[in-house]
Amino acid sequence: MHSSITTSRTRTRRTARAAAAALAGALALSLSACGGDDDGANEGGGGAQETATTVTLPKLNGETLEVAAVWTGPEQANFKKVLQEFEKRTGAKVTFVPAQDPIINFLGSKIAGGAPPDIAMLPQVGAVQQAVQKGWAKPVGPRAQEQLRKNYSPGWQDLGKVDGKQYGVYYKAANKSLIWYNAQVFENAGAAEPKTWEDLLTTAQTVYDSGVTPFSVGGADGWTLTDWFENVYLSQAGPEKYDQLAKHEIKWTDPSVTEALTTLAQIWGEADYVAGGADGALQTEFPASVTQTFTGGDQPKAGMVFEGDFVQVNIAETDAEVGTDAKVFAFPKVGDTEPVVSGGDAAVILKDSEAAQALATFLASPDAATIQAKLGGYLSPNKNVDPSAYPNAVQQEMAKALVAAGDDFRFDMSDQAPQAFGGTPGKGEWKALQDFLKNPEDIKGTQEQLEADAAAAYGD
């Protein structure tokens with residue numbers, strides 16, 4: 001069974017070239033110009049942030065809401081400040097409920113127990129679809145839809161639709177086509193920012209020759225490995241093939257997948273290129289993969305770490321400053337296409353009420369996004385968030401590029417898949433790529449496992 005998400009979403013994935021060009025231009029700016037004025041993610045302050053008022057909210061004194069999300073650490077703390085502003089404006093009381101991956105399973109247990117949260121922040125398109133298919137999700141009302149029409153490109157609206165109805169409000173976006181590096185390591189090694197995959201391999205060898213392991217990989221979290229694959233695949237196989245594989249219109253045994261895994265093995269298969277080797281990477285969770293790249297002085301555990309703009313939240317837990325100690329370049333071109341892979345989290349109402357609809361409306365407004373933008377480590381697809389709200393020049397340029405790209409991007413492939421394949425720890429794509437990281441010589445076996453898991457999840 002293929003996705004039943006409205007076919008208007010196809011325009012969202014039509015071409016990645018415009019987005020790639022916008023991002024390339026954004027990252028071409030001198031990151032040293034960012035200075036150390038802000039660390040890129042600020043946990044300071046206990047209360048809600050001052051923000052402009054562009055949307056009127058009802059008085060909800062005495063109402064209570066629960067919002068579930070998988071966010072932890074600074075990301076959770078910053079989102080709670082957004083919820084505090086909603087409380088201040090409406091008089092409602094909002095409780096954040098920490099969820100576990102896969103969030104659909106977590107929500108299923110809550111619903112079975114008769115205690116679902118009012119709103120869930122769903123990190124996969126497939127999860128939004130499943131919530132609708134299971135009868136859990138409630139459509140957002142006219143006021144939230146009005147905010148979406150005013151503030152979002154059609155593509156971002158469409159990502160939250162199922163069978164033509166609006167269920168999701170995409171509150172958070174991610175640019176997942178970035179590699180962050182320790183500037184001191186690069187300077188000591190005489191390494192340059194790469195533009196192509198071959199350049200990346202050269203840079204990795206240069207860093208290795210200087211005495212530092214080139215890459216930190218958070219392999220304990222399988223989603224980081226799917227992001228690696230998607231960037232290589234999109235660039236090498238091209239947007240059309242990417243779309244076909246995302247919808248399982250071609251099999252994972254396709255030669256294009258063979259080529260992408262062979263390319264990935266050029267890094268994953270070099271034990272000295274990955275901090276701790278494969279075994280160490282598979283025990284390293286994503287936050288640690290970032291912090292170990294920016295701690296340890298001249299001898300960090302690695303010189304580079306691949307992941308999205310949200311890496312800044314974890315860099316802020318170290319003494320490194322974005323733009324000076326921690327710099328970034330676009331994921332290098334592997335083939336003809338510069339990859340721009342985006343992800344995002346959508347607010348979905350599970351218990352319909354005036355208060356839940358009001359919160360969805362608030363999250364669709366620039367007011368909410370501006371609060372979290374100021375705190376760093378966050379990007380909004382909301383085109384009416386002033387770029388100056390972001391705390392440093394790196395993030396301001398990323399935000400401009402995201403909005404300028406409009407609908408010209410590719411959404412994270414695993415997030416489009418049924419959650420059993422693309423979003424479950426220890427299963428499906430996550431597990432198959434973890435096994436591949438451990439044994440990158442077994443390309444054929446990896447493809448066969450991926451295809452068997454995909455066929456079962458898609459029901460074809």
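In which sense do β8 and strand β9 pair, and over how many bridges? The two strands, of which β9 covers residues 304-306, pair in the parallel sense over 2 bridges; strands count as paired if DSSP finds at least two bridges between them. Helices (H or I, at least four residues) and strands (E, at least two) are DSSP runs numbered from the N terminus.

The structure is a predicted model, in which local features need pLDDT of at least 70 and side-chain atom pairs count only at pLDDT 80 or more, while totals for chains, interfaces and linings use all residues. Residues are numbered from 1 along each chain as its sequence is written, and side-chain values use heavy atoms, with hydrogens and water left out.

The pair β8 and β9 belongs to an open sheet of 4 strands in the order β8-β9-β7-β10, with mixed pairing. Because β8 (215-216) and β10 (326-330) stand at the edges with a single partner strand each, one side of each is left without a neighbour in the sheet. Within this sheet, S216 has V305 of β9 as its bridge partner. Helix α8 (residues 197-209) packs on the sheet and touches β7 (178-182), β8, β9 and β10, contact meaning heavy atoms within 4.5 Å. The direction of α8 makes about 145° with that of β9; axes are lines fitted to C-alpha atoms, for helices over the stretch in contact, and angles run from 0 to 180 degrees between N-to-C directions.

On a 1 Å grid over the protein atoms alone, a cavity is a set of points where a 1.4 Å probe fits but cannot get out, whereas a pocket is an open set with protein on both sides within 12 Å along at least five of seven lines; lining residues have an atom within 4 Å of a point. Grid points are joined across faces, edges and corners, and a volume is the space filled by probe spheres set on the points.

The largest pocket holds about 930 Å³ of space. Its lining comprises 41 residues, with V70, W71, E75, D101 and W223 nearest the centre. Among the elements that give two or more residues to this lining are α2 (73-90) and α9 (222-237).

Elsewhere, strand β1 (residues 64-69) runs parallel to strand β2 (residues 93-98), joined by 6 bridges.
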